[in-house]
Amino acid sequence: MSNPNGPVLALVGATGAVGTTMIEILDGRPSVPWSEIRLIASARSAGKVLRVRGEDIVVQALAPEVFDGVDVAMFDVPDEVSAEWAPIAAARGAVAVDNSGAFRMDPEVPLVVPEVNAEKAAERPKGIISNPNCTTLSMMAAMGALHREFGLEALVVASYQAASGAGQGGVDRLYAEMAALAGKEVGVRGGDVAEALAAAGLDPAESPFPAPLAFNVVPWAGSLKDDGWASEEVKVRAESRKILGIPDLKVSATCVRVPVVTTHSLAVHATFSRDVTVEAAHKVLDAQPSIVLRDDPAAGQWPTPADAVGGDPTWVGRVRQAFDFPNTLDLFLCGDNLRKGAALNTYEIAETVAAAL
C-alpha cells in the first residue's frame with residue numbers, strides 16, 4: 001500500500017455514464033476507507049468538480065503522473081484508451097481494473113467476477129485485471145453458483161439487451177424514437193416504423209442501432225465477426241469459458257437489442273453434469289447474497305428489467321426443468337447493465353484488491 005492511512009483510488013472516465021454510476025456506488029459502499037480518491041478524465045473535462053463521499057473533488061486530466069501513489073486505478077473508458085493507459089497506470093505501481101474489452105481475453109490478465117473467481121484477482125502478471133462484458137456479467141453470479149454445485153457443461157443463451165448497452169447515444173436514440181412515434185399508428189405493416197421515424201427527421205445513419213428500436217427488437221448487438229456471428233455473441237462464449245474456468249464449455253448465444261433503457265435480460269438453457277432439480281437450484285440461488293430469486297409463476301412473480309434497474313443484485317426466476325434435455329434447467333435473469341454489468345463489478349474487484357493490500 002502506497003499510503004499508510006489507507007489505499008488510494010483513481011477513477012479514470014469519471015465523467016462518463018459508467019463513471020457517474022461508479023460515483024454513486026462509491027457513495028453507497030463505504031466499506032473501503034480510501035485515503036484519497038482521484039477523479040480522472042479527458043482534458044475537456046478537467047477542472048470539473050464532482051462530489052464523492054461528501055467531498056468536492058476536482059477532475060484531473062489523464063496523464064502519467066496522476067497515477068503516482070495510486071494503489072487501484074479503475075478504468076471506465078473506451079478500449080483504445082484503456083489499451084494505452086492501463087499499462088501506464090500499472091507501470092506506475094497501481095493495479096489497473098479495466099472495464100473495457102481491451103484485455104479480457106489476454107491470457108496474462110484475469111477476467112474476474114468476485115462471486116465466482118475472486119482468487120484470480122491476485123494473479124495479475126501485467127498488473128491489470130479485466131471486467132467482463134455486461135451481457136456475460138448479467139448471468140455469471142447465477143451460473144457460477146450453479147456450476148459449483150452441479151457442474152456446468154453447456155449454455156444456450158438468448159439476450160434481451162437494453163439501449164444503454166450502446167452508450168448514452170443508444171439511450172438518446174431510443175427516447176427520440178419513442179417521442180417521434182408517440183400517438184402514431186405504427187407497427188401494423190412492414191416498414192411503417194422506419195417511415196414514421198424518417199418523416200420525423202430521424203436519420204437511420206445517425207442511429208447506433210441497425211434498425212428502429214422503438215416498437216421493435218433488433219437481433220444484433222456489436223460488430224460482425226466470422227460466419228455471421230455478432231461480437232457480443234462471441235464475447236459471451238469466450239468470457240463464460242474464462243470466468244468459469246471451463247475451456248471446453250459448450251456455449252451458443254443470440255444477442256438481441258430490445259426497447260428497454262437499462263437492464264439486460266437473458267433466457268438461459270443450462271446443462272449440467274450432475275443431477276439437478278428446480279428445488280435444488282432454488283436453494284443454491286437463494287443462498288447467494290447478490291441474487292434475488294423471484295420465481296412464483298402462479299402468483300405472477302418473475303424477474304423483469306423494471307424490477308432490477310437501479311439495483312445491485314441479479315434477479316433470477318422462471319426456473320424450469322427442461323422437458324426433453326436431462327440435467328438441464330431453463331431460467332430467466334435480469335441485471336442492471338450499468339451497475340452490476342459494469343461499474344459495480346469493477347468496484348467489487350477494486351474492493352477485493354484493496355482488502356489484500
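Guide: Two strands pair if DSSP finds at least two bridges between them. The model here is predicted.

Visitor: In which sense do β1 and strand β2 pair, and over how many bridges?

Guide: Strand β1, residues 8-12, and strand β2, residues 36-41, are parallel partners with 5 bridges. One of the bridges can be located by residue: Val-12 has Ile-40 in β2 as its partner.

Visitor: Over how many bridges do β1 and strand β6 pair?

Guide: Strand β6, residues 72-75, pairs with β1 over 4 bridges, in the parallel sense. In β6, Val-72 is the bridge partner of Leu-9.

Visitor: Which residues point one way from β1, and which the other way?

Guide: In a regular strand, side chains alternate between the two faces of the sheet. In β1, Val-8, Ala-10 and Val-12 point one way, while Leu-9 and Leu-11 point the other way. Of the 5 residues in β1, 5 are buried.

Visitor: Which residues touch the most other members of the largest nonpolar core?

Guide: Nonpolar side chains in soluble globular proteins tend to be buried together. Here the largest nonpolar core has 38 residues, and those touching the most other members are Met-139, Met-143, Leu-146, Leu-155, Val-268 and Leu-331. Helix α4 (134-150) is among the elements that each supply at least two residues of this core, and its share, 9 residues, is the largest.

Visitor: What does Leu-331 touch?

Guide: Beyond four places away in sequence, the contacts of Leu-331 include Met-143, Leu-146, Val-268 and Val-316. Apart from this core lies another, of 32 residues, including Val-32, Ala-121, Ala-342 and Tyr-347.

How values were computed
Residues are numbered from 1 along each chain as its sequence is written. This is a predicted model: local features need pLDDT of at least 70, side-chain atom pairs count only at pLDDT 80 or more; totals for chains, interfaces and linings use all residues. Side-chain values use heavy atoms; hydrogens and water are left out. Buried means under 20% relative accessible area, exposed over 50%, partly exposed in between (1.4 Å probe, protein chains only). A nonpolar core is a set of buried Ala, Val, Leu, Ile, Met, Phe, Trp, Tyr and Cys residues joined through side-chain atoms within 4.5 Å. Contact means heavy atoms within 4.5 Å.
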